[in-house]
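Please read each point with the coordinates at hand.

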Amino acid sequence: MFNGLLHALTLDEQGGAHIIESSTDLNNWQPEQGKLWVHLDYSQADAIEWLKNSELLTDYELASLTADETRPRITKVTNGCMLFLRGVNLNPAQSPEDMVSIRLFINENIVITTRKRRLLSVQDVLMSLTEKTGPSSISELVCQLTHNLTSRMQGVIDNLDDSLDEFEDEIDEPTKRFDNQGLSQLRRQTIGLKRYLKPQKEALTMLMTNRYSWLDENDKAKLNETTNLLIRFIEELDNSIERAQIIQQTMTSQVSEQLNQRMYVMSVVAALFLPLGFLTGLLGVNVGGIPGTESPYAFSAFVIFLVVLTGAIGVYFKNKRWL
């Protein structure tokens, strides 16, 4: 087998599959042997060379199938159609919003899937074929793969909702320091997921509404359920984005209010001590003629006067409702 070939098998139409063990058997495959599923790592040169030699794709179509960056979509090509999808990145030490791309070339007899990073949804389909409970046709294979990609997003979106619940609880606890960086990261994750899910919904909708020879009418109901599930996830992401914005605005308002209260207190204190500072500064000048310099009671009288003046200013502020 060549580098980049992850697996090749033929469907037995009974929920199972026969594994193709050698490159020679793969190259000599004929449609009467069963529906073929080839899974490739497009980052390997041997895999791209095999695709070229298969003569299923034009050079332009091959470049699209192996491009570094793709947008979810479905496109009719010379010998079939190409379907570009995304799944959440559940690989260790990876961010879920860095979604993994899988590209499919599909016609009546063959499905070629290509990817660069591992997708658990593909492994699930492969496991079901091993257990004889997998898809029995090209149509079922595509539907099951699409459903697996979509259903695996549930856990990620639930985690986002739980994180937002924690942030909302933190708002009600003023003594606890709010994690602004964590909220910003969560917003980036939500926006990153939505970026790919909206065009993926459009691709699945086009897949249902257009006629494809390999897609059975009975399987369109499965695709419809998958599309509805995807629409619900997009609505939940929209809701999460709005909740995150509200949380951010609430925290900004709280910080602004706290700052205004502190500035107000400082302004009141400054207003209280402004006349006191003026009087003490005036009597502290080093020139002759300052009253009370000869009296032993002058300092005590001046202190009492300052206390009374401060109280009077406080009463005035209270009447003006500035305190």
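This is a predicted model: local features need pLDDT of at least 70, side-chain atom pairs count only at pLDDT 80 or more; totals for chains, interfaces and linings use all residues.

1. Lysine 220 is buried, its relative accessible area being 15%; buried denotes under 20% relative accessible area, exposed over 50%, and partly exposed the range in between (1.4 Å probe, protein chains only). Lysine 220 pairs with glutamate 217 in a salt bridge whose closest N and O atoms are 3.4 Å apart. A salt bridge here requires a side-chain nitrogen of Lys or Arg within 4 Å of a carboxyl oxygen of Asp or Glu. Glutamate 217, at 49% relative accessibility, is classed as partly exposed.

2. Residues are numbered from 1 along each chain as its sequence is written, and side-chain values use heavy atoms, with hydrogens and water left out.

3. The salt-bridge count comes to 12. One of these joins aspartate 124 to arginine 152, with the closest N and O atoms 2.5 Å apart. Aspartate 124 belongs to helix H4 (residues 120–130) and arginine 152 to the loop between helix H5 (138–151) and helix H6 (153–171), so the pair ties together parts 28 residues apart in sequence. Helices are DSSP runs (H or I, at least four residues), numbered from the N terminus. Both partners are partly exposed, aspartate 124 at 33% relative accessibility and arginine 152 at 27%.

4. Which residue forms a salt bridge with glutamate 168? The partner is arginine 243, and the closest N and O atoms are 3.0 Å apart. This pair links distant parts of the chain, with glutamate 168 in helix H6 and arginine 243 in helix H8, 75 residues apart. Glutamate 168 is partly exposed at 28% relative accessibility, whereas arginine 243 is buried at 16%. Salt bridges with shared partners also join Asp161, Asp165, Glu168 and Arg243 into one network.

5. Leucine 183 lies in helix H7 (residues 180–209) and is buried, because its relative accessibility is 0%. Leaving aside residues up to four places away in sequence, leucine 183 touches Leu164, Phe167, Phe178, Ala244, Ile247 and Gln248, a contact being heavy atoms within 4.5 Å. By contrast, glutamate 294 is 111 residues from leucine 183 in sequence and 68 Å from it in space, C-alpha to C-alpha.

6. The disulfide count is zero, a disulfide being a pair of cysteine sulfur atoms within 2.5 Å. Cysteine 81 is in no disulfide, and the nearest cysteine sulfur, that of cysteine 143, is 12 Å away. For cysteine 143, the closest cysteine sulfur is likewise that of cysteine 81, too far for a bond at 12 Å. Cysteine 81 is buried at 0% relative accessibility, and cysteine 143 is buried with a relative accessible area of 5%.

7. Tyr264, Val265, Val269, Phe273, Tyr316 and Trp322 make up a nonpolar surface patch of about 610 Å². Patches consist of residues with over 30% relative accessible area and no salt bridge, like charges being joined within 9 Å and nonpolar side chains (Val, Leu, Ile, Met, Phe, Trp, Tyr) within 5 Å. Helix H8 (residues 220–283) gives the most to this patch, with four residues. Tyrosine 316 lies in helix H9 (residues 298–319) and is partly exposed, with a relative accessible area of 44%.

Definitions and conventions: Helices (H or I, at least four residues) and strands (E, at least two) are DSSP runs, numbered from the N terminus. Accessible areas come from the Shrake-Rupley method with a 1.4 Å probe; for residues, only the protein chains shown count as cover.
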